[in-house]
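Work through the exercises below with the sequence and the model side by side. Try each task before reading its solution.

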Amino acid sequence: RVHGEFRMDDKLKSFFSAPIYCRNLESEIEPFMMELKERSGPIVARFFEQFGKIKDALDIWRTLGQTSDRKLAQEACEDTIRILSGSNDQRLIFEYLKWVAVQQPEIAVTLFSKLSLEVVTPDQFINNFLPGLHDNQTLLLYLKEKYLETIVLERNIDDERWHSTLGLHYVDMLFRLRPASSEMNISVNDPNFGQIQTYMNKFREFLRNPAAKYRARTILERITNSWLLADEIYLYGREKEHNLALRKLIKQREFQMAEQYCAEKSDGLLTELFKMYMDVYKDVLKKLETSPEDNRLKPLLGVLSRQINDFLKKYANHSQLDAIAVLELLPEEWLLADSNSLTNLLYSVLSNTVSMKRSKKISRACSEMDLLNVGCQLARAKKANIRVSYDKVCAYCLKKIGEKAFVVYPNGITIHQHCSISQNFSPFICPITKQNFETTFSN
């Protein structure tokens, strides 16, 4: 009362922000607090919150959040989100989150990292809460994006469905900014160029995130035959559908991308790519024979011929290219004199063949030498002998063996038989050097 009568609002605010131990006096305090409602709504809101009247507190904050006082409106939004983050009432959360989202969406999204996924499930948020904002599509998409990014990228939800939903959201945003049927190359003069780049970076970072659990096939269905060719190819690679990726690139005449794709993989794809080049080349050649009047075929045949020659010149010595398989695919009418690339390929094949023969000879000689060494070691081991005199000492107890029974190991170590039995020594392992004779002779 003293704080109120002397207009010490800051002290009243602090008073109701700390734990209250006079809850039995609520009925006496409330009339006095209601007198302050017009003058200091935040204090009354905190009073209601302290005495468990959460909905009354939230109603006051909602009223204050729609005033022209920006500082007070921000405080109302922040306190509303603070209260909702500790609530287990889904209907209450949805009712009061909505006005905060409309007034200050950047504050509303801070609730997503604190909201219990059991109190408000992703299904309920996406399918029940967001449709209530259908008249403000920009806000709806902003909240959907921030919510999905929070539960997928920050909170690492396991459900694959929400990972895929986030990927599809990025795709939808890109296609809103630039239709799916647009040309591959993006002009810097595009009015949405900056936003497109932002979403492309988000999308590609998400696709390559090792923690992402999206279903590649789901996203592929959405972006196939769109201007997101590079991402389509990446997803084919993720699904190990290399042939589909290469055929797509060849169809789009993205030869450099196709070759780079093969070089980055370790599945011998360069040979497969060359087979595809030759299939397309032969197909165009056949069409040219049946339709010589088609003016599009000759230039295309020239492009393919140059591409094949450049390919052979560039990858003739590459480890992923099976040069012999490539030679078998080459048309018989192609002359060596007409192409340096064919000469280089043939030189590479001959060099590799000679090198392989030499390597095999060396390997065989090394194997034979190893076999001889093992044979010598085995022969020496079989001929090994030892002289035991009366003064010979047991290697274990260091006492004279004398006339007692003894054990001799293949490495010459000699011990009393009773030492071996009493210590339960293995006949295959030397008790002194620990050499394993089974391993030694099996090797």
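Predicted model: local features only at pLDDT ≥ 70, side-chain atom pairs only at ≥ 80, totals over all residues.

Residues are numbered from 1 along each chain as its sequence is written, and side-chain values use heavy atoms, with hydrogens and water left out.

**Exercise 1.** Describe how helix α11 and helix α12 pack.

Solution. 
- Step 1. Find the helices, which are DSSP runs of H or I with at least four residues, numbered from the N terminus. Helix α11 covers residues 160-177 and helix α12 covers residues 193-207.
- Step 2. Take the axes, which are lines fitted to C-alpha atoms over the stretch in contact, with angles running from 0 to 180 degrees between N-to-C directions. The axes of α11 and α12 are 10 Å apart, at an angle of about 160 degrees.
- Step 3. Classify the angle: under 35 degrees counts as roughly parallel, over 145 as roughly antiparallel, 65 to 115 as roughly perpendicular and the rest as oblique. With an angle of about 160 degrees, α11 is therefore roughly antiparallel to α12.
- Step 4. List residues in contact, meaning heavy atoms within 4.5 Å. The α11 side includes His163, Leu166 and Tyr170, and the α12 side includes Tyr199, Phe203 and Phe206.
- Step 5. Sort the residues by class: Ala, Val, Leu, Ile, Met, Phe, Trp, Tyr, Cys and Pro count as nonpolar, Asp, Glu, Lys and Arg as charged, and the others, Gly among them, as polar. The contact of α11 with α12 has 11 nonpolar, 3 polar and 1 charged residues.

**Exercise 2.** Apply the steps to α17 and α18.

Solution. 
- Step 1. The axes of α17 and helix α18 (residues 297-315) come within 10 Å and cross at roughly 155 degrees.
- Step 2. α17 and α18 are therefore roughly antiparallel to each other.
- Step 3. Residues making the contact include Leu273, Tyr277 and Val284 of α17, and Leu301, Ile308 and Phe311 of α18.
- Step 4. The classes in the contact of α17 with α18 are 18 nonpolar, 2 polar and 2 charged.

**Exercise 3.** Which residues have the most contacts inside the largest nonpolar core?

Solution. 
- Step 1. A nonpolar core is a set of buried Ala, Val, Leu, Ile, Met, Phe, Trp, Tyr and Cys residues joined through side-chain atoms within 4.5 Å.
- Step 2. The largest core has 102 residues, and those with the most contacts inside it are Leu97, Phe125, Leu143, Ile219 and Phe311.
- Step 3. Helix α17 (residues 269-290) gives the most to this core, with 10 residues.
- Step 4. Leaving aside neighbours within four places in sequence, Leu97 is in contact with Ile81, Leu84, Ala108, Leu111, Phe112, Phe125 and Phe129.
- Step 5. A second, separate core of 9 residues includes Cys394, Ile413, Cys419 and Cys430.

**Exercise 4.** Is Lys248 buried or exposed?

Solution. 
- Step 1. Buried means under 20% relative accessible area, exposed over 50%, and partly exposed in between (1.4 Å probe, protein chains only).
- Step 2. Lys248 has 13% relative accessibility, so Lys248 counts as buried.
- Step 3. Lys248 is in helix α15 (residues 242-251). Not counting residues up to four places away in sequence, Lys248 touches Thr224, Asn225, Leu229, Glu232 and Ile233.

**Exercise 5.** Describe Asn424 by its phi and its exposure.

Solution. 
- Step 1. Asn424 is in the loop between α21 (417-422) and α22 (437-442).
- Step 2. Phi of Asn424 is near 55 degrees, a positive value in a residue other than glycine.
- Step 3. Asn424 has a relative accessible area of 69% and is exposed.

Terms used: Helix = DSSP H or I, 4+ residues; strand = E, 2+ residues; numbered from the N terminus.
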